[in-house]
Amino acid sequence: MIVCFIAEGSYPYVMGGVSSWVDSFIKWFGENEFKLISIGPFEEKKGQYAYVLPPNVSCLSEIFFDTPFNKQSSKATRQPFYTQKFLKTPEEKAVLSRHFLGELSDWIKIFEIARRIGRKNIRAFFSGREFIDIVTQIYEKEFEHVPFVEFIWLMRSMFIYQFWSLNVEIPEADIYHSVSAGYAGLVGALASHLYNKPFVMTEHGIYAREREEEIVKSSYIKDYARDLWVKYFYNMSFAAYRFARTVVTLFEKNKFFQVDLGCPENKIFVVPNGIDISAFSASLCGDARKNRDYKGTLIGAVIRVVPIKDIVTMLQGFMLAKKNNSELKLLLMGPQDEDEEYFKYCEEYIVKNDIQDVEFTGRVNVKEYLPQIDMLLLTSISEAQPLSLLEAMAFQIPVISTDVGCCNDIVYGNGDDFGDAGIVTPIMDPNALAFAIEKLAADPELRAQMGISGRKRVERYYTKDNFIEGYKLIYSILAGGNNGRNWFSIEEAHK
Amino acid sequence: MAGIGFQLKKLINKNDSYSHKIVSYAYAVLVIYGPMIVCIVCLSILTYAMGIFNVDIKEIAVFSRTIGYIFVLSNVITGASSLVLTRYVSDALYFKDYNKILPSFIGGFIIGVIPGTIIYWIIMLLQKQDLIFIFVSGIFFAVISTIWVLIIYLGALSNHTKILKAFITGGGISIVLMLATSFVPQSFRMNYIFVCLNTGFTVMAALLYAQIKNYFGSGDKSIWDFYNYFKKYPSLIFINLFYILGIYWENFYNFIFIIDLDLKRTYMEPFFLGTFVLIPGMIYFIIKFETAYFEKHATFLETINQKGTYGDITLAKANMVKTLSFEFGKLFRVVLIFGLLISLFCINYLQDRGADEITIWRSVNIALGMGFIVLMYVVKVLFLYYDKKGYAFMISTMFLFFNIGFLNVTRTYGMNHYGIGLLLSGFLTFCIGGIFLISFIKNLHYHLLRMPQE
């Protein structure tokens, strides 16, 4: 079977939970051939992969958001007369008008228009008379008091990204599988429509809600534009839900959000994340802790140094705990180069507050470091089903996590009787975090008990075998049992 | 050029009396057309003086024709680089990078004056002229070419009185030196007159150069910095070159390819009489048209850049278009009136001088043609305002090819001496360019809202 994964802002470029999920998936389904579509922000990063592509990945099709705006693109796609027409009928103009306003879109028409424009003419269309006239009409109806040129550019930047991603080269496959909604989900919907192939979407977080949260909090998005942006992302999610034959989520709570966003409930499957439990032997921990250099309580965190992981709250909590217990050390494991400004901020915070015994290790082999630590911290302000918690729990390490995503279920269980695998704290609450750290640091027996509970929970619900079984079932239903080799020719579809 | 227009406009509007206005306009003419007027005055005095000094009439004719062709060829050769240089200087002034100014003049001098002078000498050698005459007239060619390059910088200087003094001083020196012609042997008088011109105009060029250096300093940028603009804006070379070649095509063609000694069929005199229509047209454009339009255009752009609503932008554009139509109407009337007046003058003047009917018709057609050339030039400049070099290039190219085409066609019918080619070329190019301009202005917001092209 050939599966085409569609990833946005993640695999194979960015280290993180979703990327690791994709990487593991490809390796665990080694008998399948995988093709990749990667949607990324910057073309200059092309080829700078954070992962080594497994051997069963046969091709990688990429598209970058900044390409329509860069110099080469500008030179290569000289704009013809602004009078060049891309829309065939007044109905198409009306469809685009509704689409730009964020009303429920006729996505089949949108796909057709976007593919007709193609990559070569994308700048011409978004500079052309048709686009400006449509946007002007929208402006005069509802936005006549906002700066006009700003409004044009808002619409242009929103939809050029969307239309650009709809012009990615889509390789032939039996199943299309996106790992988020958003642009990846949209491309999956397009692939499904174009080639009449099944499309499955796995949503780790709820893409539209996450974007909405960012938009609401953002200081640089103008008030009149917030609603447009929210509708824009909701609309894309709706397209993915509509065209997907199956929508997979990691935990039950997300299912309700998806239904709320318009996904038919009967499409939704819950397949939790899984880890290869055999690679996480608790017996390693004892020796690792005995043989490590640090003799106090070693606290670990597997993170990317980015704002969403809220490293600052982690440092604050650690600092407060250290006031009452000096035998604490914090090990921050993970890449630091994703947001260099934030990393610098964290470093300065440590120096300014004179926080001792904090170490940034950079990228490491987590399986070598985890056995050494006594507890794991997670202070993210947004998560789905973090692999870092599952891996720590597999090593029988107690965890302290913020109450985001399904972390509460992971740590305390969802009605099972395995006991607490750690402590859940509110987000951005350094005092609660400090209290939890101190509690666990002072009680090795509690830590051991929590570690056992965690291991049992992972063995029961979050194993690789459960995960593989879940997706094998989904794929076999979608593929119809014959590998689904009834596709149309990709060349014909691209004409 | 809008800068000099605003300054002159302020001067003219200082006082409402007619006498003040007449004097101010005369001053404006001198500031903008100084070199040309000084040359014409000097040459007129010279030509008259040569009659007094009993210079052979054939020699006077050769002298007049040579001066004429020096004007034409120097304009054409320096014209190829002048628009690029103008753009470079404008950008330097905008960013207050005054270190670039004087080095760019050196660059412009090297690229325009030196090769042009060599080309002139070669052409004159091929025409088997006297060696000393070739040399001294070549020096005049170099000096006048240098002045064409210097003129690009004069618009940025604020002390126009000093500029005027430089013109008058140079011209005055030439005239004073010429008074000694009677003491020069007959066989050397022609060459001596060129020496007088060379001396006076060299002083003029030196004074202008000193003013520019005083104002902007020596500069420390490489002269090659200016040459990068040729790579960046290659179309500007041809926009100006084709325009100038178009105006002077017949004269240029004659100078290079035909040795014409027919004294009755003098091309230059009626041509230069006709070009007087350019002066009132260009004065009106620089002082009235461009300043009025520039203000509305600036308001329009400001409305866009300062986050105006669609309503604000539409209103600003409507005001701009209204001003454009109004000013074009007035400009048309100016060139029409002066075209007719100068045509009448030419008829009377040339008849008194015993010119034949063809020469008279030639001057009339050229006078009227120059009116359309002013209008066509304004259309071209307006496109360049919006950085639409493609349209400006199209206008210049069309104008040149119309001139070439009409010259060939009229030659077939023996009508090429009447100046009809220039009239028709100017008229047609203005009409076609005007249609494009109307369409462009109507759809201006589409052009301005496009994604920027690198």
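View 1. Ile114(B) is partly exposed, with a relative accessible area of 39%. Bear in mind that this is a predicted model. Ile114(B) belongs to helix α4 of chain B, which covers residues 101-126. On the surface, a nonpolar patch is made up of Ile106(B), Ile110(B), Ile114(B), Ile118(B), Ile122(B) and Leu126(B). Together these side chains' residues come to about 510 Å² of accessible area. Here's a handy bit of helix geometry: an α-helix has 3.6 residues a turn, so residues three or four places apart point the same way.

**View 2. Ser82(B), tucked away in α3.** This residue sits in helix α3 of chain B, residues 57-94. Ser82(B) counts as buried because its relative accessible area is 16%, under the 20% cut-off. Take a look at Gly112(B) too: its C-alpha atom is 8.5 Å from that of Ser82(B), although the two are 30 residues apart along the chain.

**View 3. The largest cavity and what lines it.** The structure has four cavities of 30 Å³ or more, and the largest has a volume of about 140 Å³. Its lining counts 17 residues, with Glu250(B), Asn403(B), Leu407(B), Gly421(B) and Leu422(B) nearest the centre. The top contributor is α9(B), with five.

**View 4. Helix α16 of chain A, under cover.** The buried set runs through Leu387(A), Ser388(A), Leu389(A), Leu390(A), Glu391(A), Ala392(A), Met393(A) and Ala394(A). Just past the end of α16(A), Gln396(A) has a positive phi of about 60°.

**View 5. A salt bridge within one helix: Asp133(A) and Arg129(A).** The two side chains meet at 4.0 Å, N to O. Both residues sit in helix α6 of chain A (129-142), four residues apart, or about one turn of the helix. Asp133(A) is partly exposed at 32% relative accessible area, and Arg129(A) is partly exposed at 30%.

View 6. Glu150(A) comes from helix α7 (148-165) and Lys222(A) from the loop between α9 (207-217) and α10 (223-243) of chain A, so the pair ties together parts that are 72 residues apart in sequence. Both ends are partly exposed: Glu150(A) has 21% relative accessibility, and Lys222(A) has 39%.

**View 7. Arg292(A) and Asp374(A), a buried salt bridge pair.** Their side chains meet at 2.8 Å, N to O. Arg292(A) is in the loop between α12 (283-291) and β8 (297-302), and Asp374(A) is in the loop between α15 (366-369) and β11 (375-378) of chain A, so this pair ties together parts 82 residues apart in sequence. Are the two partners buried or exposed? Arg292(A) is buried at 8% relative accessible area, and Asp374(A) is buried at 7%.

**View 8. A salt-bridge network in chain A.** Glu92(A), Lys109(A), Glu112(A) and Arg116(A) are linked through salt bridges. Over all chains, the salt-bridge count comes to 26.

Definitions and conventions: Residues numbered from 1 in each chain as written. Chains lettered and ligands numbered in written order. Predicted model: local features only at pLDDT ≥ 70, side-chain atom pairs only at ≥ 80, totals over all residues. Heavy atoms only, no water. Patch = residues over 30% accessible without salt bridge, like charges linked within 9 Å, V, L, I, M, F, W, Y side chains within 5 Å. Areas by Shrake-Rupley, 256 points an atom, 1.4 Å probe, with all protein chains shown as cover. Helix = DSSP H or I, 4+ residues; strand = E, 2+ residues; numbered from the N terminus. Buried < 20%, exposed > 50% of the residue type's maximum accessible area, 1.4 Å probe, protein only. 1 Å grid on protein atoms, 1.4 Å probe; cavity = no way out; pocket = protein on both sides within 12 Å on 5 of 7 lines; lining within 4 Å. Points joined across faces, edges and corners; volume = space filled by probe spheres on them.
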